[in-house]
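Thank you all for coming; please have the viewer open so that you can follow along.

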Amino acid sequence: MLAAGTDWRHTRSITTPTVIVNGSHRACRVRCSQFPLHTCVLSIEKVVLSFAKSGGNAGANLHLGAVDSRMARAWPNCWWAVLAILSLDGLASYAADDASTKEPLIFTVASNATEGYVRYLRSAKHYDLTVTTLGMGKPWLGGNMKSVGGGYKINLLREALKPYRADKDRLVLFTDSYDVLFLAPWAKIQEKFASFEASIVFGAEGFCWPDESLKSAYPPLEGRGMRYLNSGLFMGYADKLYKLLKTPVKDAEDDQLYYTKAYLDEELRQELNIKLDHMATLFQNLNGVEEQVVLSLEPSEKEATLANSEYNTKPAIVHGNGPSKLTLNSYANYLAGAFVDGECQTVKEGRLTLSDVELPLVTMALFVEKPTPFLEEWFGTIAKLNYPADRLDVLVHSNVAYHAGTVKAFLDAQEGRYRSLKVIEHDGDFTETAARNFATKHCELRGCDYLFVVDSEGHLDDPNVLRALIEANRNVIAPVLTRPEKVWSNFWGALSGQGFYARSNDYMDIVGRKLLGLWNVPFVSIVYLVKRAVLPEVSYELQETDPDMALCWHFRSKGIFMHVINVEQYGHLIDTEYFDMTRTHPDFYQLFNNRHDWEQRYLAPGYKQQLEADFVPQQPCPDVYWFAIGSDRFCDDLREIVEAFGEWSDGSHSDKRLQGGYEAVPTRDIHMNQVGLEQLWLKLLQLYVRPLQEKVFIGYFHDPPRSLMNFVVRYRPDEQPSLRPHHDSSTYTINIALNTAGVDYEGGGCRFLRYNCSVTDTRKGWMLLHPGRLTHFHEGLLTTKGTRYIMISFVDP
């Protein structure tokens, strides 16, 4: 700045300005007139000092007076006006810095401490922001916010601003709460606000709501951006905001319409210097622009933020207005410190510590609503839950007559164990919807603290799963369960526009457990825990909607969050789609659809140890190996399947089942293709026999194995007690004993003639594996009593 007292006697007169400081954004306008330079400098100093004393306040009109006309005319134009502006701008910055030391006011309105509100406060705390909540604990008077309403918020805010109505330098931020998140600290919020050079800034959106007819009244939009005002987020100076609220409004009238009309009043808009955040620099309203908004994580940052890819901006506050609340819920799983350095933080927050002294009362509602494979194992996981039985009220509803025996077996085994045990029979007058609603009421009547719903598709492999869900301390929470080796789960990460399943960007990472933690999701099913506090909101009824979708719709519509947790592997899902109850032992047919459970039931308990490098298999005869392959249940079920079919061959050389119709070495048998097990058996050879074969017959690989002859043989003294010496039409043969020597039959076995070596003490579920041709000429030894069953495959003929 030019110093006072500078000798201007040899200067020429210059063009001097009138400096008018207008607007809360400290903008300056300069009008030129003729004044002597030294007088101008002194005048400018007076202007600057006056401007500083005013605190850089809006509306100050500071005029430089006339100067001595005797000064020589010199220095054409207004070059020095730039210096004046720079001086004023510097002092404006000083004044702004001085104003920024005043504590900002952040207001919101909430009548109940919903989960959305708690999440909002958590984001504020993360950025060290202090929020004043208006209306908490008081009746909501703002009408039905599903349509128009919210004038109550205006009246609460007006009252809260009264003490500050003359405060020209205090910044005020107002936000909604249930569907809002802070994304930045105050310094960043203030910096972004200052960039608008406005007294009041509202967020913007792409929809003119609630009165679409006002579209044409909006001022033209210069450049790109969202054109219309949204009242969920705004910020400004206290005195200006109080003036904005001077017009009375009824509690049930619409707040957004109120602010829209104020903004469209051009005179008021200019007077209060109101602007909209068209490009989401400060405020991001999500509705209609979800595809523009992405999570952003810079390499140097530990936590994610939100970025608008359309405008290349990073807003400081986000609002899930209208139907975009589910999108906000999804983003909120990662924002405001929810994930830091790739680790979920919210899963560690607000947890309960359980004491075994007196655990919460839980009503466990078990539902068998569809034919379900491996139901016995499901009931087994229920019985093994690590939770005191005297704190569990158990309710069972079965809608499947086929499962009546399995349900009864569970009830009989658990009688007297639980605090209470009640069953709704499959033939009772209860639809699935009615049964699920009954469970909710039953829980309340029993004085429960939680309702724990478990459908028959959900196997709880972790006995501590119920404790884990209670400790997580959420209103509605489900363990992440998936079908093994598949991505089908018991939750949806997102919804389509029609309200059905849509895959979220993080779904695969959650089900694959690449990310571990807790997530807010729009849909849960099969296994979930519900707190007593929200039971009054539980309903499984919604027109033309299945009960699970109805339940989640009601939760979403009432702002009740549904969470899933995947910190541990809590269990898995069963595929019920191809369960054919018309078959004998239909679970046996489930290898393709439910391989994990099939293996648990039907593989020999010691099977997998045989695959270890240091395992040495038994060799009762040269190149004849003995392996455990099937469980007792495997043998029993397969034996009963073929006996139920009953169409045994007659043991003659004539066999219409074979191409050519001739069997050189006939037996009494039933082929796997006769009982619908051919493809399953070939898969069994590939998955479980081939690895054992490769272990002992080194250098022979054939994947998948081929086998045209897979059959169960029955030996009886009065039918066919033995089999003459023969070679098999195979590279190698497997021979599995399906019952127990010395118990179910006497005699029997296999003799290898070249080695004069017999295997007679066969073991149920164990497999003899030997070459079929040339070296291993063999015969079936005489069965003298009872019935002997073996399963034969000629592999790679």
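This is a predicted model: local features need pLDDT of at least 70, side-chain atom pairs count only at pLDDT 80 or more; totals for chains, interfaces and linings use all residues.

Residues are numbered from 1 along each chain as its sequence is written, and side-chain values use heavy atoms, with hydrogens and water left out.

Now back to the sheet. E17 and E18 belong to an open sheet of eight strands with mixed pairing, in the order E18-E17-E16-E19-E27-E21-E28-E25. Strand E18 (420–424) and strand E25 (518–521) stand at its edges with a single partner strand each, so one side of each has no neighbour in the sheet. From one strand to the next, the twist averages 20 degrees, where axes are lines fitted to C-alpha atoms, for helices over the stretch in contact, and angles between N-to-C directions run from 0 to 180 degrees.

A second open sheet has four strands in the order E34-E40-E37-E38, and here the pairing is antiparallel. Which strands stand at the edges of this sheet? They are E34 (723–726) and E38 (757–759), and because each has a single partner strand, one side of each is left without a neighbour. Neighbouring strands of this sheet are turned by 15 degrees against each other on average, with direction ignored. Strand E37, residues 750–752, pairs with E38 over three bridges in the antiparallel sense, and arginine 751 has serine 758 in E38 as its bridge partner.

Let us turn to the aromatic rings, of which the structure holds 33 pairs; rings of Phe, Tyr and Trp (its six-membered ring) pair if their centres lie within 6.5 Å, and planes under 30 degrees apart count as stacked, over 60 as edge-to-face and the rest as tilted. One of these pairs is phenylalanine 193 with tyrosine 237, which is edge-to-face at 5.9 Å centre to centre, with 65 degrees between the planes. This pair links distant parts of the chain, since phenylalanine 193 lies in helix H5 (residues 186–194) and tyrosine 237 in strand E8 (residues 228–237), 44 residues apart. Both phenylalanine 193 and tyrosine 237 are buried, where buried means under 20% relative accessible area, exposed over 50% and partly exposed in between, with a 1.4 Å probe and protein chains only.

Another pair, tryptophan 598 with tyrosine 602, is tilted, at 5.3 Å centre to centre and 50 degrees between the planes. These two residues both lie in helix H16 (residues 595–602), four residues apart, which is about one turn of the helix. Are they buried or exposed? Tryptophan 598 is buried at a relative accessible area of 0%, and tyrosine 602 is buried at 0% as well. Ring pairs also link Trp598 and Tyr602 into a cluster with Phe588, Tyr607, Phe634, Trp681 and Tyr688.

Helix H16 packs against helix H17 (residues 632–645) at an angle of about 100 degrees, with the axes 7 Å apart. The two helices are therefore roughly perpendicular to each other, a label that covers 65 to 115 degrees, whereas angles under 35 count as roughly parallel, over 145 as roughly antiparallel and the rest as oblique. Trp598, Arg601 and Tyr602 of H16 meet Arg633, Phe634 and Asp637 of H17, and contact here means heavy atoms within 4.5 Å.

Finally, please find two loops. Alanine 280 has a positive phi of about 55 degrees although it is not a glycine, and its loop lies between strand E9 (274–277) and strand E10 (283–285). The peptide bond from tryptophan 209 to proline 210 is cis, with omega near 10 degrees, and proline 210 is found in the loop between strand E7 (200–205) and E8.

Notes: Two strands pair if DSSP finds at least two bridges between them.
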